[in-house]
Amino acid sequence: MGLGLAAFLFVAGCSRSPAPPSPEFEQASRRWTALYAQKLDDAYLDPSIGEIEAQLQRVPADSVDSLASQSLLQRIQEGRTRMQAAQEEQRRAVASAGTLPTMDPSSTDFPRQAEPVAEEPVDAGPTDAGVIAGPQSGTPASELVAGFRGCFTRGSPVTVEGRGMRDTWQLSDRASCQLEFPSHRDTTLVVEDGRVLALLPKSAMRTVRRYEDGGTVPADNGGR
């Protein structure tokens, strides 16, 4: 009886509680949450991401936060790989595209070639050094959400042939926005891989019909 009790006490004395929560994980998780909320998927390519990864790697293996830190570290590494591949694909597409892609029958077709149009300078009075002229090709889509004084709103998605569904943005009808970004009036911004792919005049976009053999013809006014 005494021997059994001694053995029980010995086993109970050998158990130990897990290590306390890791301050490295708490700080890294907080920094990552704030960074992603600000930049969305662009956060994976932010220069400060290396410091967050280093903090996650310092979380002790016996910490209660060990599994969570490894999971977040893997998510960051996979996200960076995905975004780098998307950037490379976009660079190749821009370099090899002699013309803009065409749309499917139910959507609008890009013009074959978008020529830059020289505009006469507009005297808008004294310029404000902090005013941004507006989004251009390559502008992150995250900046359209809350940037540019909230003057850009989501438009109807379009299906780009060979690329799939793509979001569009356009300038708000508010008078203040029309005055601040005059070059973006009647313009559609096409977004791909989290960035503005192209700025197209709405007047240059047209609806097309596609036949079963793959041919397309412009729709007449009655088919719009």
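I looked up Leu 40 and found it in the loop between H2 and H3, where it has a positive phi of about 55° although it is not a glycine. At 39% relative accessibility I count Leu 40 as partly exposed, the class between buried (under 20% relative accessible area) and exposed (over 50%), with a 1.4 Å probe and protein chains only. I note that this is a predicted model, in which local features need pLDDT of at least 70 and side-chain atom pairs pLDDT 80 or more, while totals for chains, interfaces and linings use all residues. Residues are numbered from 1 along each chain as its sequence is written, and side-chain values use heavy atoms, without hydrogens and water.

Next I took the helices, which are DSSP runs of H or I with at least four residues, numbered from the N terminus. The axes of H2 (residues 23-39) and H3 (residues 49-57), lines fitted to C-alpha atoms over the stretch in contact, come within 8 Å and cross at roughly 150°, which makes H2 roughly antiparallel to H3 (over 145 degrees, on a scale from 0 to 180 between N-to-C directions). Among the residues making the contact (heavy atoms within 4.5 Å) I list Phe 25, Trp 32 and Leu 35 of H2 and Ile 49, Ile 52 and Leu 56 of H3.

Finally I asked which residues of H3 are buried. I found Ile 49, Ile 52, Glu 53, Gln 55 and Leu 56, and seen down the axis of H3 they fall within an arc of 160°, so they line one face of the helix, the arc being that of the directions from the axis to the C-beta atoms.

Methods. Helices (H or I, at least four residues) and strands (E, at least two) are DSSP runs, numbered from the N terminus. Angles under 35 degrees count as roughly parallel, over 145 as roughly antiparallel, 65 to 115 as roughly perpendicular and the rest as oblique.
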